[in-house]
Amino acid sequence: MFKRLAEKGPAISITVDGKPVTARAGDTVASALLGAGIDHCRTTPVTGAPRAPYCLMGVCFDCLVTVDGVGSRQGCLIPVREGMKVETQLGRREAGR
Amino acid sequence: MIAAADLASSYELVVIGGGPAGLAAATLAARAGVATVLFDENPGIGGQIYRAITSTPVSDRAILGKDYWDGAVLADEAKASGALIANGATVWSLDRQRLVGVSIGGKARVIEAGRVIIATGSQERPFPIPGWTLPGVMTAGAAQTALKAQGLVVEGRTVLAGSGPLLWLLAAQTLRAGGRIAAILDTTPRRNWLQAMFHLPDFALSPYFAKGLALLREVRAKVPVHRVGTIEAVGTDRVREVVFSGAGGTRRLPVDLLLLHQGVVPNVNLANAAGVAHVWNDRQICFVPVLDADFGSSVPGIAVAGDGAGIAGGTAAAERGRIAAIAAVRALRPDSVVPDTQAIRQRLQREEMGRAFLDWLNRPADSFRLPVGDTIACRCEEVTAQQVRETAQMGCEGPNQMKAFLRCGMGPCQGRLCGLTVTELIAAERKTSPDEVGYYRLRPPVKPITLAELASLPISEVERKAVER
Amino acid sequence: MAIESRADDEFDVAVVGGGLVGVATAWGLSREGCRVVILDEGDRAVRASRGNFALVWVQSKGLGLAPYAGWTIRSSNAWRGFSDLLKQETGLDVSFQRPGGFHLCLSEKELEARANVLKRLHNQPGIVDYKTEILTHDQVKAMLPDIGPEVVGGSFCPLDGHVNSLRLFRTLHAALNARGVTYLPSHRVEAITREAGEFRLATPHGEIRAAKVALAAGNANMRLAPMVGLEAPMRPERGQIVVTERLRPFLNHPVVTLRQTDEGTVMIGDSKEESVDPSGLTIGVSATEAERAVRQFPLLANVNVVRTWSAIRVMTQDGFPIYDESQTHPGAFTVCCHSGVTLAANHALTIAPMIARGALDASLVAPFSARRFHVQAAG
Ligand SMILES: Cc1cc2nc3c(=O)[nH]c(=O)nc-3n(C[C@H](O)[C@@H](O)[C@H](O)COP(=O)(O)OP(=O)(O)OC[C@H]3O[C@@H](n4cnc5c(N)ncnc54)[C@H](O)[C@@H]3O)c2cc1C
Ligand SMILES: Cc1cc2nc3c(=O)[nH]c(=O)nc-3n(C[C@H](O)[C@H](O)[C@H](O)COP(=O)(O)OP(=O)(O)OC[C@H]3O[C@@H](n4cnc5c(N)ncnc54)[C@H](O)[C@@H]3O)c2cc1C
Ligand code: FES
């Protein structure tokens with residue numbers, strides 16, 4: 001879906017559902033997923049339909065993912081950090097996570 | 001990076017949003033000696049038009065164009081102005097007493113503000129077509145944001161669909177960046193010209209005239225453009241095909257990415273939650289706050305500047321921010337020297353001149369705003385257009401009762417992606433105006449915060465007694 | 001259903017108010033074969049039925065008026081059948097559950113106060129014993145494994161339950177619609193008169209006539225009741241609620257201040273403030289609710305709050321229901337209460353048939369006449 005114009009900026013290693021993904025400084029969690037060709041990040045709590053980031057500006061909440069064990073974070077507003085663990089979120093969030 | 005704990009308990013001026021309006025407002029006020037803080041939830045300043053202006057990896061200036069790079073000045077001025085700029089700072093509450101609830105890095109604070117300027121800008125208008133929730137369908141603005149902020153350019157079979165200057169701007173920027181666009185599906189009804197024509201003389205004098213024509217030419221030279229009356233995104237796990245119909249019948253195109261856009265509308269959530277009165281704007285087909293000449297709202301001490309005050313573009317946003325800031329400075333520090341508003345108002349007027357033409361020309365067709373059948377109206381709660389229509393038929397008169405009945409607008413996006421659709425659907429079913437129908441009554445937090453954050457806020461004895469028994 | 005006025009139509013009963021009390025009563029009247037019209041305000045009305053906590057609650061009810069306990073239990077017992085009837089009519093499940101509910105205490109002092117309330121309640125003459133027990137931390141923990149260490153104990157009543165009250169509200173409206181009952185929003189009743197044996201209700205969209213009138217306008221009954229020789233002394237009160245995103249099920253019993261809905265969201269609430277401004281929200285009150293919720297269930301700390309709201313409780317001056325029939329204007333009734341969710345089954349299945357027959361059954365509802373306010377004042 002997307003390619004990088006230039007592989008600029010330091011590489012940042014994160015994992016997505018346990019698999020290594022290389023992001024770039026300046027990436028948000030959502031852009032890192034898109035850059036890595038991951039085309040959905042959650043399923044909905046209502047019908048379990050797959051969803052992916054839609055607006056990339058913080059208004060749609062379709063980019064919700066679990067970041068470092070905390071669920072329902074807005075991926076498009078969170079800058080990536082080295083070692084960050086991102087998980088796709090399936091359906092309703094589990095309390096305590 | 002500013003932490004929640006670093007914030008003072010009160011500021012003379014709180015500016016919410018770091019796009020052109022917020023940056024210009026904060027700069028002017030801080031220069032006049034007003035203790036100013038600017039909150040923006042993004043990792044960097046710039047807002048939508050100047051997204052990532054201080055950090056973009058796109059170094060070839062031709063790609064994003066001169067208008068984008070003009071934003072660097074605003075950003076530099078704001079940084080040097082003395083205003084405290086907090087990024088990653090989400091404002092989740094604002095009330096009539098001007099208490100500002102803000103969350104930074106998972107820590108919440110409530111700050112008192114002498115005056116508030118809401119500069120939270122616009123968002124793209126909902127585009128409720130069948131399949132718009134599928135992965136692989138995004139807004140054009142999203143693709144533009146990915147380009148500006150991360151240097152991501154579309155790859156594979158990409159189709160753009162919709163109307164409005166931003167769609168064409170994204171197309172041009174994408175092409176300049178080496179991206180390929182398989183087709184543009186133009187949803188602008190031809191008859192829009194009839195209304196728009198009256199405003200052509202004004203538009204011809206506005207700065208957008210030459211720019212707009214050049215953009216169209218640039219894009220049309222490289223991309224096939226189809227005028228369409230219906231669009232459907234098809235697929236199960238993700239979008240696979242886009243089906244559209246126009247004068248030439250129905251066609252299907254395989255797609256990897258479908259980018260939708262039909263203009264931008266004010267982001268009303270924070271102002272609405274603060275109790276600011278809004279009114280329906282029929283030309284822009286959206287709710288706008290009721291404002292005075294200085295962009296002051298119906299709530300004393302709270303102004304709304306920038307595109308949040310009604311869509312007028314980035315340059316106008318900055319001028320509006322300045323006017324609102326001057327009013328704030330005058331109220332807070334009457335002895336301070338402020339620039340002459342006359343000159344600013346003239347510039348603003350020039351910027352706003354071409355708007356009527358653009359609004360009428362790009363007015364989205366009813367069929368792309370008033371969905372039918374199983375098309376999802378509320379993405380969060382997955383409420384369909386048919387459900388909304390049927391419930392309206394049952395005597396449900398407005399969006400607040402609709403929300404109680406169907407849960408539309410109750411999800412995390414707080415109605416941002418369904419509010420206008422639900423209001424317009426009810427109006428259509430009731431055969432009345434959206435103004436009559438009204439909008440959701442929004443409540444804090446306008447952006448989610450955690451229970452622990454809420455629990456950490458100061459509690460008075462009276463407030464505790466209201467709960468503990 | 002048409003939204004325009006029906007000045008020429010013949011109605012047996014005009015129900016004033018389209019909140020839960022009004023629609024439950026109207027549905028019951030329609031079941032009795034009455035031709036019903038509901039007159040309501042518009043979308044932005046103050047409507048407790050859109051902002052409540054959705055408990056079908058028994059414990060604590062009846063302190064100060066023993067018959068209220070029996071009345072509440074009657075509704076609690078009728079609720080299953082009521083929800084089944086609604087499901088048959090509409091296909092919608094309002095998700096009524098009665099697993100028993102808790103009141104959790106966060107200090108010994110709170111627990112002692114709780115035990116005292118229950119003791120005073122049960123010491124009243126004529127009270128129905130509804131078997132509320134005081135439990136220790138460990139006893140609570142055995143049933144609610146996720147409670148935090150600060151929960152010292154609480155009380156438990158097996159009759160307590162909850163429902164999806166917004167779906168109940170919608171379901172009743174849908175059922176009425178399917179029955180062909182006329183619902184007229186934006187028809188705020190300004191005046192009621194009785195002429196030539198029928199009631200005339202003046203609204204901004206014209207006059208509506210009906211043989212009987214049932215006042216179910218919540219706190220507005222205070223203004224309307226005197227028009228038909230009745231009274232409804234009210235003292236509205238504001239409650240604030242915090243609601244979270246949808247979570248996987250973790251809580252099998254409702255707690256009086258915290259419950260998980262069938263949709264997964266967690267509602268946290270039960271504040272009381274003397275205010276009639278539903279647009280005002282006090283952050284410190286939400287904060288207190290959140291703070292107590294996290295102490296009760298620490299696993300909720302990181303959960304996202306998606307909304308808070310305040311709503312005005314329909315509250316009579318002594319907190320108990322008012323059911324009355326007019327002496328001077330035969331055919332006029334008041335149906336007015338807090339706990340309109342809990343009592344919905346009674347309103348639909350017990351009160352409505354009485355109104356249909358034209359007389360309240362004193363053996364059931366005499367204690368709830370507003371005349372009690374005079375008796376008290378005199379005594
Ligand atoms: C996706 C998108 C892309 C656009 N791109 C262009 C473009 O390239 N060229 C162009 O001419 N116009 C563009 N526009 C139009 C846009 O409205 C501009 O006219 C301009 O950005 C408006 O400036 P503003 O200052 O009013 O608001 P914005 O620039 O929108 O800035 C508002 C800022 O407020 C922040 N914010 C919002 N809510 C909160 C909150 N609760 N707490 C904290 N911060 C908050 C936002 O993150 C944002 O940074 C775009 C609009 C959108 C929606
Ligand atoms: C925060 C809170 C929590 C609660 N929790 C619970 C709970 O857990 N369990 C429980 O059982 N109960 C609970 N309740 C109480 C319950 O919500 C109410 O008892 C119930 O909703 C009352 O319904 P109503 O129809 O009388 O009032 P309302 O819902 O207020 O409806 C009154 C209706 O009358 C209309 N009206 C007013 N004036 C006129 C007029 N002149 N003409 C025509 N129409 C008019 C209004 O527009 C409105 O639609 C709670 C209430 C609140 C506020
Ligand atoms: S993609 Fe829309 S909120 Fe993140």
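Colleague: Which backbone oxygen lies 3.4 Å from a polar atom of the side chain of Arg93(A)?

Modeller: In this predicted model, that oxygen belongs to Gly71(A), whose backbone oxygen lies 3.4 Å from a polar atom of the Arg93(A) side chain.

Colleague: And where in chain A is the place of Arg93(A)?

Modeller: Arg93(A) sits in the segment that comes after strand 9 of chain A, the strand made of residues 89-90.

Colleague: Does Arg93(A) count as buried or exposed, and why?

Modeller: Arg93(A) counts as buried because its relative accessibility is 3%, and the cut-off for buried is under 20%.

Colleague: What is Arg93(A) in contact with, leaving aside its neighbours within four places in sequence?

Modeller: With those neighbours left aside, the contacts of Arg93(A) within chain A are Val70(A), Gly71(A) and Ser72(A), while in chain C they are Glu245(C), Arg246(C), Leu247(C), Arg248(C), Asn302(C), Val303(C) and Asn304(C).

Colleague: Which side chain meets that of Arg93(A) in a salt bridge?

Modeller: The side chain of Glu245(C) does, with an N to O distance of 2.5 Å, and the two side chains also make a polar contact at 2.5 Å. The count of salt bridges between chain A and chain C is two.

Colleague: How many residue pairs are in polar contact across the interface of chain A and chain C?

Modeller: The rule finds 12 such residue pairs, with both residues at pLDDT 80 or more. On the side of chain A that touches chain C, the largest share comes from strand 7 of chain A (residues 70-74), which supplies three residues. The residues of that side divide into five nonpolar, three polar and three charged.

Colleague: Okay, and how many residues are in contact there, and what area do chain A and chain C bury between them?

Modeller: On the chain A side 11 residues are in contact with 14 residues of chain C, and the two chains bury about 1000 Å² between them, with 47% of it on carbon and sulfur atoms. In chain A, the residues that lose the most area to chain C are Arg92(A), Arg93(A) and Ala95(A), which together account for 60% of what that side buries.

Colleague: Changing topic, what surrounds ligand 1?

Modeller: There are 33 residues surrounding ligand 1, and the closest are Asp40(B), Asn42(B), Ser122(B), Gln144(B) and Asp307(B). The site is shared between chains, because the residues that surround ligand 1 come from chains A and B.

Colleague: Which polar atoms lie 2.6 Å, 2.9 Å and 3.2 Å from an oxygen atom of ligand 1?

Modeller: A polar side-chain atom of Asp40(B) lies 2.6 Å from a ligand 1 oxygen, whereas for Ala21(B) a backbone N or O atom lies 2.9 Å from an oxygen atom of the ligand. For Pro20(B), again a backbone N or O atom, the distance to an oxygen atom of ligand 1 is 3.2 Å.

Colleague: On to backbone geometry: which peptide bond is cis?

Modeller: The bond from Pro444(B) to Pro445(B) is cis, with omega near -10 degrees, and Pro445(B) is found in the loop between helix 17 (434-437) and strand 22 (449-450) of chain B.

Colleague: What about positive phi, where is Ala54(C) and what value does it have?

Modeller: Ala54(C) has a positive phi of about 75 degrees although it is not a glycine, and its place is the loop between strand 2 (36-39) and strand 3 (55-56) of chain C. Ala54(C) counts as buried, because its relative accessibility is 3%.

Colleague: And Ser186(C), where is it found?

Modeller: Ser186(C) is in the loop between strand 8 (182-184) and strand 9 (191-195) of chain C, and has a positive phi of about 55 degrees without being a glycine. At 27% relative accessibility, Ser186(C) counts as partly exposed.

Definitions and conventions
Residues are numbered from 1 along each chain as its sequence is written. Chains are lettered from A and ligands numbered from 1 in the order in which they are written. This is a predicted model: local features need pLDDT of at least 70, side-chain atom pairs count only at pLDDT 80 or more; totals for chains, interfaces and linings use all residues. Side-chain values use heavy atoms; hydrogens and water are left out. Contact means heavy atoms within 4.5 Å. Buried area is the accessible area (1.4 Å probe) that two parts lose on being put together, summed over both. A salt bridge is a side-chain nitrogen of Lys or Arg within 4 Å of a carboxyl oxygen of Asp or Glu. A polar contact is a pair of N or O atoms within 3.5 Å; within protein, one must be able to donate a hydrogen and the other to accept it, and residues adjacent in sequence count only if both atoms are side-chain atoms. Helices (H or I, at least four residues) and strands (E, at least two) are DSSP runs, numbered from the N terminus. Ala, Val, Leu, Ile, Met, Phe, Trp, Tyr, Cys and Pro count as nonpolar, Asp, Glu, Lys and Arg as charged, and the others, Gly among them, as polar. Buried means under 20% relative accessible area, exposed over 50%, partly exposed in between (1.4 Å probe, protein chains only). A residue is near a molecule or strand if one of its heavy atoms lies within 4 Å of it.
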